[in-house]
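Where are the charged side chains that pair with one another, and which residues make up the nonpolar interior? The paragraphs below take the salt bridges and then the cores.

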Amino acid sequence: MKNLRLKSIAVLVSLSLTSCFSDKDDYENVSNGLELENRIIELYGSTSVLIQPLETDYNAIPNDINNPITEDKVELGKLLYHETMIATNANMEEGMYTYSCASCHHVDAGFQSGIRQGIGEGGLGFGIYGESRIKNQNYAEADLDVQPIRSPSVLNVAFQDVMLWNGQFGGVGSNEGTQSSWTVGTPKEVNNLGFEGIETQAIAGLDVHRLVIDSEEIINSSYKELFDNAFPEIAVEERYTKITAGLAIAAYERVLLPNQSPFQKWLKGDTNAMNNEEIEGAKVFFNKGQCYTCHSGPGFNGMDFHALGMKDLEGPEVTTVVDDATKKGRGGFTGNPDDDYKFKTPQLYNLKGLQFFGHGGSFSSVKEIIEYKNEAIAENTEVPANKLSPFFEPLNLTETEIDQLTLFIENSLYDDNLMRYVPESLPSGNCFPNADYMSSSDLGCN
């Protein structure tokens, strides 16, 4: 009986202590959460400034005034973005019908590429998240569709008015005054249509990436009704074109919002969406880490261009020569020496699990790039010291703060339900995002 009483007391003490520790953890989480909330309010006036709209709230999502988002446009754009059957301008016969927009910007890699240098036509295989795509050995390098810079994510593009690392696409906003750089006979000429960057890139990208919108084929397929629903106000003779297709793809890209991530849930009032370490990481983000000075707004991206001395694409797997204009970033587009080596601030959502970061893919993890910015020692010797951004300076973060910041970015900014943005199948019935024989096997399309 005495032993039973002693055991009972021990259990009660244990439960009491566990409860105390739990209460302490909860208190710290709430206290840190209030500190974070107050800091965000201090910076922006309200936490709501950072909240992303629902992907179906088309009026709340930033629109191009010349291409208002509609449900029918988004549905058409979703299919065209993934459609491999429009890949009909291939350089080689075996490349026909094997690639799509999503070849280099797919859901499995947070709508960027799972490899350092994305491959459209001339690529083989996919793997699990795009990491196993390789060059088709039957292709000469000149016949490949690859870019001389890492494929950026199309998540959160609604919060920027120009596109690409150098911002060359977009006929308004940040690109006002750059008309002399809209070279006739190049994709940049599309800026003259007067659309924002997303729309401009989507239209220009169809030609650049060897995708064709054949009006006769559209009219004789199930896509005709989709175009009719999306663009009833466009004259029939102009309705089934690369311009309307590009506008639909852009409308779809604008709704790619990782608004179910823990940080977004926390902003909307779920105080348990982030754990204490992630909240601490967010406090580093908005304080000592100074991340918010460049990564701002609901997408944690920005329309500023900065020179951070990062390397360009290089290595044995890189299949293209990186030209001087690409190396100079924004300056390579504008021709203004003051813009040399500056690149657009990327968004920070859904980076967990990726292996390549920076415009040249020279970093292999979120933590590695945080450490680079913490030390602020340029890795690219081609970038003159006087060109480096004034924001590129040592942060003096501790190892603990780096770990906490990494947790915040990797976990709290990760939406694990991006598959809601991907079609179950295509009208063509074709495999996607790639339909070459190796990808078809990897993706289970055979």
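Glu199 is buried, at 0% relative accessible area (buried is under 20%, exposed over 50%, partly exposed in between, with a 1.4 Å probe and protein chains only). This is a predicted model, in which local features need pLDDT of at least 70 and side-chain atom pairs pLDDT 80 or more, while totals for chains, interfaces and linings use all residues. Residues are numbered from 1 along each chain as its sequence is written, and side-chain values use heavy atoms, without hydrogens and water.

Glu199 forms a salt bridge with Arg254, with 2.9 Å between the closest N and O atoms (a salt bridge is a side-chain nitrogen of Lys or Arg within 4 Å of a carboxyl oxygen of Asp or Glu). Arg254 lies in helix H7 and Glu199 in helix H3, so the pair links parts 55 residues apart in sequence (helices, H or I of at least four residues, and strands, E of at least two, are DSSP runs numbered from the N terminus). Arg254 is also buried, at 0% relative accessibility.

Arg420 and Glu55 form another salt bridge, at 3.1 Å from N to O. Arg420 is in the loop between H13 and H14 and Glu55 in the loop between H1 and H2, so this pair ties together parts 365 residues apart in sequence. The whole structure has 19 salt bridges.

The largest nonpolar core has 54 residues, and Phe227 is among those with the most contacts inside it (a core joins buried Ala, Val, Leu, Ile, Met, Phe, Trp, Tyr and Cys residues through side-chain atoms within 4.5 Å). Its largest share, 7 residues, comes from H7. A second, separate core of 38 residues includes Ala273 and Phe357.
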